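Biologist: Could you take me closely through one part of this model, the nonpolar core, and then through the sheets that surround the discussion of it? I would like one connected account, with the cut-offs stated as you go.

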Amino acid sequence: MRLTAIVLILAICAVPVSAALIITEVMQNPDAVYDADGEWFEVYNTGPDAVDMFNYRIFDIDFDDFSVTEHIVVPVGGFVIFGRNANPGENGGVTVDYEWSNFILANGDDEIVIYDELNQLIDQIMYDGGPNWPDPNGASMFYDWGGDNNAGAYWHVEAQHTFGLGDFGTPGYDPRMPSGVDGETWSSIKALYRNAS
Ligand SMILES: [Ca+2]
Ligand SMILES: [Ca+2]
Ligand SMILES: [Ca+2]
Ligand SMILES: [Ca+2]
């Protein structure tokens, strides 16, 4: 089993490198402001190089779909925030790096799928609004770095840190991120879970 895992990791590593971005936090149901202003999600760069998300496509499995039409650069070990309204005076007080259009984060089940400019899948989460994923209200849900970030077991309702007008969330930072989370660590985790599912 262990040998199999190692072989699979090596196989994954031989694949051409794509951007190592992962979705780490989602505010699908703000309370301090309307959802039409206060929805956002956070992306983190686990890789060794900065990533320019120009011409990336972000969509769900229904009708939501937008392309990134600006040079949104995610620094190494850094975050960017995508949001429905970039005005911090209207969105509950979050600093948004890129304001989307034609994209809604449903409070029940929904998806966030990120493709790069070459149509390669970069990351995706498919949340269910419960029972397997959190169902927050006035709080974000955050990824705990325990394994595949498309597994609800590794997501939790933020209940400690607030921002802006008082909803719970940590837009642009992660107080719980373990040290040493880099591309190599993440590749190993992802490969193991990808092969387990
Ligand atoms: Ca709401
Ligand atoms: Ca949606
Ligand atoms: Ca919503
Ligand atoms: Ca965060």
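**The nonpolar core and the sheets**

Modeller: The largest nonpolar core holds 34 residues, and those with the most contacts inside it are Leu21, Ile23, Phe41, Val43 and Phe82. A nonpolar core here is a set of buried Ala, Val, Leu, Ile, Met, Phe, Trp, Tyr and Cys residues joined through C-beta atoms within 7 Å, where buried requires 20 or more other C-beta atoms within 10 Å of a residue's own, exposed 12 or fewer, and partly exposed a count in between, with C-beta atoms placed from the backbone. This is a predicted model, in which local features need pLDDT of at least 70 and side-chain atom pairs count only at pLDDT 80 or more, while totals for chains, interfaces and linings use all residues. Residues are numbered from 1 along each chain as its sequence is written, and chains are lettered from A and ligands numbered from 1 in the order in which they are written.

At least two residues of this core come from each of strand E1 (21-27), strand E2 (40-45), strand E7 (79-83), strand E9 (110-115), E10 and strand E11 (141-143); strands are DSSP runs of E of at least two residues, numbered from the N terminus. E1 gives the largest share, five residues. Phe82, leaving aside neighbours within four places in sequence, is in contact with Trp40, Phe41, Val43, Asp97, Tyr98 and Trp100, contact being C-beta atoms, placed from the backbone, within 7 Å.

An open sheet of six strands runs in the order E8-E7-E2-E1-E11-E12, with mixed pairing, and two strands count as paired if DSSP finds at least two bridges between them. Its edge strands, each pairing on one side only, are E8 and strand E12 (155-157). E1 and E11 run antiparallel and are joined by two bridges, with Glu25 standing opposite Phe142 in E11.

Glu99 lies in strand E8 (residues 98-99) and is partly exposed because 16 other C-beta atoms lie within 10 Å. Not counting residues up to four places away in sequence, Glu99 touches Gly83, Asn85 and Ala86, and its C-alpha atom is separated by 9.2 Å from that of Val68, 31 residues apart along the chain.

An open sheet of four strands, in the order E5-E4-E9-E10, has antiparallel pairing, and its edge strands, each pairing on one side only, are strand E5 (65-67) and strand E10 (121-127). Strand E4 (residues 57-59) and E5 run antiparallel and are joined by three bridges, and Phe59 has Asp65 as its bridge partner in E5.

Key
Two residues are in contact if their C-beta atoms, placed from the backbone, lie within 7 Å.
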